Every structure is written in C-alpha cells, then in structure tokens.
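Work through the following exercises with the sequence and the model side by side. Each task is followed by a solution in steps.

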There are 2 protein chains.
Amino acid sequence: MQHAQFQQRLRDFRASMQLAAQDAALIFSSDNLRYLFNYTGEAAYGVVTADALYLITDYRFVEQAEQECINEQMSANVICRDRDKQSLGAAIAVLLHQHRVHRVWFEAAQVTVSIWQDISQDLSFCVLTPAPAVIEQQRKTKDAWEIAQIQAAAQIADQALAAIMPQMRLGVREADLALELDYQMQKRGSAGVSFTTILGFGARSALPHCLPSDRELQAGDLVVLDFGAVVNGYRSDMTRSFVAGKATPQQRAMFDTVYAAQQAAMATLQAGVAAVDVNAASSAVLQASPFAEFAGPGLGHGVGIKLHEQPFISPVCREHLGWHYVVTIEPGIYIPSYGGIRIEDDVLITDDGYQLLTHAPKEFELSI
Amino acid sequence: MQHAQFQQRLRDFRASMQLAAQDAALIFSSDNLRYLFNYTGEAAYGVVTADALYLITDYRFVEQAEQECINEQMSANVICRDRDKQSLGAAIAVLLHQHRVHRVWFEAAQVTVSIWQDISQDLSFCVLTPAPAVIEQQRKTKDAWEIAQIQAAAQIADQALAAIMPQMRLGVREADLALELDYQMQKRGSAGVSFTTILGFGARSALPHCLPSDRELQAGDLVVLDFGAVVNGYRSDMTRSFVAGKATPQQRAMFDTVYAAQQAAMATLQAGVAAVDVNAASSAVLQASPFAEFAGPGLGHGVGIKLHEQPFISPVCREHLGWHYVVTIEPGIYIPSYGGIRIEDDVLITDDGYQLLTHAPKEFELSI
C-alpha cells in the first residue's frame, strides 16, 4: 500500500465533495474508513474536510489508529475522545467549527437513527445532507495493490479446496467438510473466511444460501460449495459444483448448461461492456435450455472489501463494467427438492477482456 | 425451546408496549428477531401488534422464515415481499392500516437513517417513537433453555482449550494456536466462534483486544487467551492467562492479584446485588496491589445472544444483577510494553450466589 494510492482516493473523493459544494464529509462505514484512512479497527468516525483528515476514536483503539493512520502512507489527525466527558456530536462540532464548515455530507446508509439523532443535535449550525455513494463508486475500480490482495485470497481458496478434495468422500458431513475447508484457508493465511461457507449435498444444493448441516454425502448427490478467503481485508468468492460419482444425463446436462452460460457471459467481458449485456449472454444459454424455469436471478456482483459490492450484474443493472472492476460471474440452476449447480469465478475486467483470478478446476464428477 | 417461552417473551414485550400506549412495534434487530420470532436468517423485519405478529422478508429467506416462525413454538405471519414491486414502508403500512395502528415504536438504534427515511415516508399516518431498550431489558434474564445453550457453549470452549494445551509450546505462533482453538471449538459443535479469538504473547498480552499475529511463544512470556463458542445463537466468553515456564515474582504477584480480585467480586454475587458493589469488591483488591495504576476499566458484562449485552459492570453502572442474569467477571492488569493478565469466567446469578458456567483450570505456569 502506497502513500500515492491514498492520496489519489482522497483527491477523487474531495473532487466529488467540491462538485456537490460540500465543505466536509462524515464517514461512519468501517469499509470506507479502511479505504480512505487505512484504519482497520472499530469504534471510529472519520471527518474529511477540503484540507484535513480526522479520525475520532477512544482509548481502546487510539494506539491502533495512530499506527495505521499516522505513517508514510497516511497522515490523518487521530483524536482520542473521552466518551464520559464529550459526546461524539460535540467532538465533531469542534472540528467543523475550526474549519468553518457549513455544508456537510454524512453517510446516512451507515449510521443508525439513534446515533444520528445524538450527533446531529450538536451540528445545528451545519446543513447536513445524506452523501451519495461516491466512495462506493470509487471502490469499484481496484488499484494494483487491491488486485494483488484479491488474487492472493483467491489463490488461498484454490489451494485450500485442493487440500480438502481427498476428504470429499461418501459419508462425509457437510459441516465437517466446510470446517476443514475454513481451516485450510486460515492455515494458508486467510484472516477468518470471506463469508460463512455454503455447502449443500443432494437436494440441499438447490438452496442458494445453504448452511452446512449434518447431512452426509451419498452416491449420486449434487454438491454446491461456495466459499472465499480474506487477505488484508480483501475477499475472494468462488463456487464449484460436483456430483458424487457418475453424473446422470440430467445432471450432466445441468452442469454443461451452467458452464456454457458462464463461458458465454465471460466472452462478453471487457472494459465498457454493459452489465445487462453480460447478463443477457448468460441468460440466453439458460433460457434456451430445458432448465429455463430453474435459472437463478442475477449473474454476479463486485467483490473487494465487501463480499457483495457494486455493481450487481442483473437484467435491471444500468451500469457498464469498467476497467479494473473485479466481479463474480456465477450462473446457476436450482431445481427445488432435486438439487442445484452453480459455477462462480472472480474476474478482473481489462481493456480487451478479462483476467481470471480463481483457478480451481471445474471437474464435475468426483471419483469416489 | 418451548412455545410457552416465546409466549412469555411476547406477553412481557406487549405489556411494555401497552404501558407506553403503543399500538405496534417495528423490530429491525436480528438479535431481537431471534429472541421474539425464533427467526435466525437475514433480510427480515418484524411487526408486533397487540394481537398479531408479522415477519416481512423476501424470496431468498421465505422458506427459512416459514420453517422457523410457523410451527409448534411460534406462529407468526410470514410475508414474502416482492422487492421490485413494493417498498418496505408500503408493506409495513398495509399491516398497520389493517390493524388500525396509530402509535408505533421503532428500533431507532437498529435501523440506518437512509432505510428509516424510506420507510417512514410511508407511515405518515402514524406517530413514530424510538423504542426504549425493553427487549434488551428482558434479555438480561435468561430462561432455562437459554442457560442450557450458554452452558453448552462454555463446555465446548473448556474442552477445546484442553485439546490445544499440548500445543502451547515454545515457538508456537499466536495465529496458529488461535486457529487450532477455533477449529477444536467448531469440531465440537460451535457454530463459528463467539468472537475473533484474542491471543497475545509477551508484551502483546497487555493489549486488551490483541489479534493473533506471527509472534512466537518465548520462555517467560505472559499469555492472554480470550475466546468463546456459540450454540444455537448463544455465546460463551472466557479468558485464561499463563506464563511460559516458571513465573517471576512479579508475574506471580500479578496473577495472584487478578485471581484474588475475581474471587472477591464473585463472593458478592447473588440476585439483587448492585453492580457497583461487585465492581468495588474487585477494585479494592486491585487498588490495594502494586498494580493499581495498571488495572483495566470495567469488570464484566452480560452475555447471551450478543457477546456484550447489558448490564455492563463498572464503577458507573446503576443496575442490580438480577436472578438468572448471565455475566462475565473479568478483572485484568495490563502493563504496557511488559504484559497483561486477565481471568474471565461466565456466571449465572442465583438467589443465594452464583453458578460457574466456565470450568477450564486456572493453572498459571505452563510446563514447557
């Protein structure tokens, strides 16, 4: 992580502030504090003015804040508030007065009504406006360091999956296999896991958010496994589908359809493509198949500091995929009470195509 | 979990609503949806009226909601909202109109400003008031089923610690040991972990929220290990402190002081005791020691669905500990750049004392 990268992020954000004639912005989101301030702790609030940066925290996190926010990458002012003596609103008011701030953005989607009621009563001298999602807009485009983190997370996930494949045998329980996978990712350096691992055997594979249970793997089961790793706060997200043994003609047809839908979507990828066109390419394959009515809604999403970030690739998405967006492409077929198949990869959008970040093999049949 | 327990919770909550002349309450907190509705999923909103219960969700979670909220324990009405066609506010308004509701509590501490702006514009026919923390107040007193879950979580934590003790040897890395502990808890049935395991060796043990690093265990190091398990949504929370080898006189004095402070606090426990008196008993021991200036602030907190619940036992707490509260008792000494010691147990408050829920041994010296 470089000083220049934080400077660029701040410059872009301040340009948006200026365009909207805002003198300051209050940042409540931990994701955005990481992105703008390099701060990864809790219980902190950011204040951005045209020429200064403040991070307000308390004795529990001040040491961490000073380490992360005052160094060669970042030079914020860290304020240690005594919570028994000064309200958060009062602490913010001092800074806004000092900078003669009048118009203020605040992250309305990131602060609760009760905290905001407390804060805003101290800020009656300002015009307070909910901030549009400009930081989230900036975060869509990943810089080289961010791409490297997602790549590292994806590689850990690839390797962890390879490590547990020998345990994917008849009789293994969903919960035990998921735990082994989580363990192998962390053993390889993942900070926790990207999200609660989704693992469903048999009919349970048709549940898009199937939490691992005591269900044991049986011959002929479909298997959906959706998981990811975390490196320096950046996430990966990958799904692989299997069948326990030799596929029936229907299972094979389902897999081939999903695979073809994913390939069709990927063939459209390049900087500037409309998200609806990517979705339509996948959808055309699914809708032309015998499984049209069982196709899942939505094709993918941005991934980065959050697991699910903008843009969301769907039939109603109005966005274009930009250069160095990182998105998932994950078509699926879900037949209730029978089973499901989903294949998901993370891709980096480039000028003339894409770069695949997840590399685990897509062999469908398990030899068990 | 019994039907009668949910009925009791709802009866108590509705009694509070009636006392405040509220016709309905909007529940946004996932913890409170679990507590009042038996719902453990995401993306759901509860509406409680004097004689009806509604859970509003969407296609992603409607199956789970129907399984959890319509059965012999619970009989809520589950509403599957089409998010493309109906706003959340409109869905709530339909119900409130139907029940001729006028005065409405909402969980202001659990909803963001932007979501609330969207919802409330559809509810202009109601008087909307932030709800006081009455559900959180109810949740302080644990029923028999809740106690059994916390006990089960505490037992898993005890057993997992015993399982990894042989790995607490010179050269082991904090991150590796913490991962093994997390793995052993989940292997024994913990659903994830109660919180990110805190593990610090040497001077790092003085950081109250020390995240595991690559630091290796060295002879003479103090070790602070703070962790917990989760069973059916209920958490445990325990800290043990060790020294790698034979304690120096100062380390031994630190440990004996913290242990004595914890025992002094526990000796005061029984239903009705003032939290300040529990705190004072511990504080007296710490303040009379050579480590007075290094004593940590705060002695403990409630634990249950959330890791940190009311009451918070501290010098400024105005509460009394009630029958069947479950709280932590966790005095600590933290000497910057040297090391820390904390001992923490979970206790159930009873009529004439307390019941210890965490049972891991408190042997200080590791034979390594």
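**Exercise 1.** How much area do domain 1 of chain A and domain 2 of chain A bury between them, and what percentage of it is on carbon and sulfur atoms?

*Solution.* This is a predicted model, in which local features need pLDDT of at least 70 and side-chain atom pairs count only at pLDDT 80 or more, while totals for chains, interfaces and linings use all residues. Residues are numbered from 1 along each chain as its sequence is written, chains are lettered from A and ligands numbered from 1 in the order in which they are written, and side-chain values use heavy atoms, with hydrogens and water left out.

Step 1: chain A is divided into domain 1 (3–139) and domain 2 (144–366), with bounds that come from an automatic or database domain assignment.

Step 2: the two domains bury about 780 Å² between them, 41% of it on carbon and sulfur atoms, where buried area is the accessible area (1.4 Å probe) that two parts lose on being put together, summed over both.

Step 3: on the side of domain 1 of chain A, Asp31(A), Arg34(A) and Arg139(A) lose the most area to domain 2 of chain A, together 52% of what that side buries.

**Exercise 2.** How many salt bridges does the rule find across the interface of domain 1 of chain A and domain 2 of chain A?

*Solution.* Step 1: apply the rule, a side-chain nitrogen of Lys or Arg within 4 Å of a carboxyl oxygen of Asp or Glu.

Step 2: the rule finds two salt bridges across this interface.

Step 3: Glu146(A) and Arg9(A) also meet through their side chains in a salt bridge (3.7 Å, N to O).
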